[in-house]
Amino acid sequence: GQSVGIDLVQGSKGGLSLDLDYGNPFLDDKDTSFNASIYSKLVYRFAGNLFGGGGGVGGGSGTPTNETFYERRTGASISLGRRIQQTLFGSIGGKFESIKTSELDPKETEGFIQQDGDVGTLSFGITSNRRDADVEPARGSWYRFSLEPGYSNIKTIGGEVGLPGDGFIEGADILGPNTFFRTQFEYRAYF
């Protein structure tokens, strides 16, 4: 049946995260599924590596100058899916989000690319599922092919994508409105 989800998280720093989700697996008599989400999530980023060493964000000396920074991702997504044949499914969706980084000094950033602004994508996908079971399959195959045209309007950059002459990759050309296209193919075989 239908589902409604509310995810409310209060972190010790950075503010509240909220995620509202709605899903309907049987939107019409052709078993069209519908999912929608509205969110404002705080994503925590940490300096260093898995073993506590520095050098990720901050100076390359191994002593980070910025221990923690945050990305606020605010947006919405919507998707529709439908069975085309017994083992073939099609989907279409869209997502728009605004990204804002806080408590990060881009001049002292190493190993992180800051790109604050707006991003929107459409997605068109085909999925084939010929597995004997969806949970722990033993035989069969599964693949997904998707196309994602997108639009971005990057307002702030920092880190390893910087301005001309700062010693990193020239990045000023990503500022402002841009379009992009992503193609993805994933295949799994079980035997």
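This is a conversation about how the labels on a predicted model follow from its computed values.

Modeller: The model is predicted, so local features need pLDDT of at least 70 and side-chain atom pairs count only at pLDDT 80 or more, while totals for chains, interfaces and linings use all residues. Residues are numbered from 1 along each chain as its sequence is written, and side-chain values use heavy atoms, with hydrogens and water left out.

Colleague: What makes up the secondary structure of the chain?

Modeller: The chain has 0 helices and 10 strands, where helices (H or I, at least four residues) and strands (E, at least two) are DSSP runs numbered from the N terminus. Among contacts between residues at least 6 apart in sequence, 57% join residues at least 24 apart, a contact being heavy atoms within 4.5 Å.

Colleague: Why is the pair of Tyr 44 and Tyr 70 called edge-to-face?

Modeller: Rings of Phe, Tyr and Trp (its six-membered ring) pair if their centres lie within 6.5 Å, and planes under 30 degrees apart count as stacked, over 60 as edge-to-face and the rest as tilted. The centres of Tyr 44 and Tyr 70 are 5.3 Å apart and their planes stand at 75°, so the pair is edge-to-face. Tyr 44 lies in strand β3 (residues 33–46) and Tyr 70 in strand β4 (residues 68–85), so the pair ties together parts that are 26 residues apart in sequence.

Colleague: What makes the pair of Tyr 143 and Phe 185 tilted?

Modeller: The planes of Tyr 143 and Phe 185 are at 35° and their centres 6.0 Å apart, so the pair is tilted. This pair links distant parts of the chain, with Tyr 143 in strand β7 (residues 140–159) and Phe 185 in strand β10 (residues 176–190), 42 residues apart. Phe 185 has a relative accessible area of 53% and so is exposed, while Tyr 143, at 27%, counts as partly exposed.

Colleague: How do you know that the charged end of Arg 188 sits over the ring of Trp 142?

Modeller: The criterion asks that NZ of Lys or CZ of Arg be within 6 Å of the ring centre and within 35 degrees of the ring normal. The charged end of Arg 188 is 4.5 Å from the centre of the Trp 142 ring and sits over that ring; Lys 41 likewise lies over the face of Tyr 39, at 5.1 Å from the ring centre.

Colleague: Why is Leu 8 called exposed?

Modeller: Leu 8, which is found in strand β1, has a relative accessible area of 56% and is therefore exposed.

Colleague: What makes the phi of Asp 31 worth a remark?

Modeller: Most residues other than glycine have a negative phi. Asp 31, in the loop between β2 and β3, has a positive phi near 60° and is a residue other than glycine. Glu 136, in the loop between β6 (113–129) and β7, also has a positive phi, about 50°, although it is not a glycine. Asp 31, at 43% relative accessibility, counts as partly exposed, and Glu 136, at 73%, counts as exposed.

How values were computed: Buried < 20%, exposed > 50% of the residue type's maximum accessible area, 1.4 Å probe, protein only.
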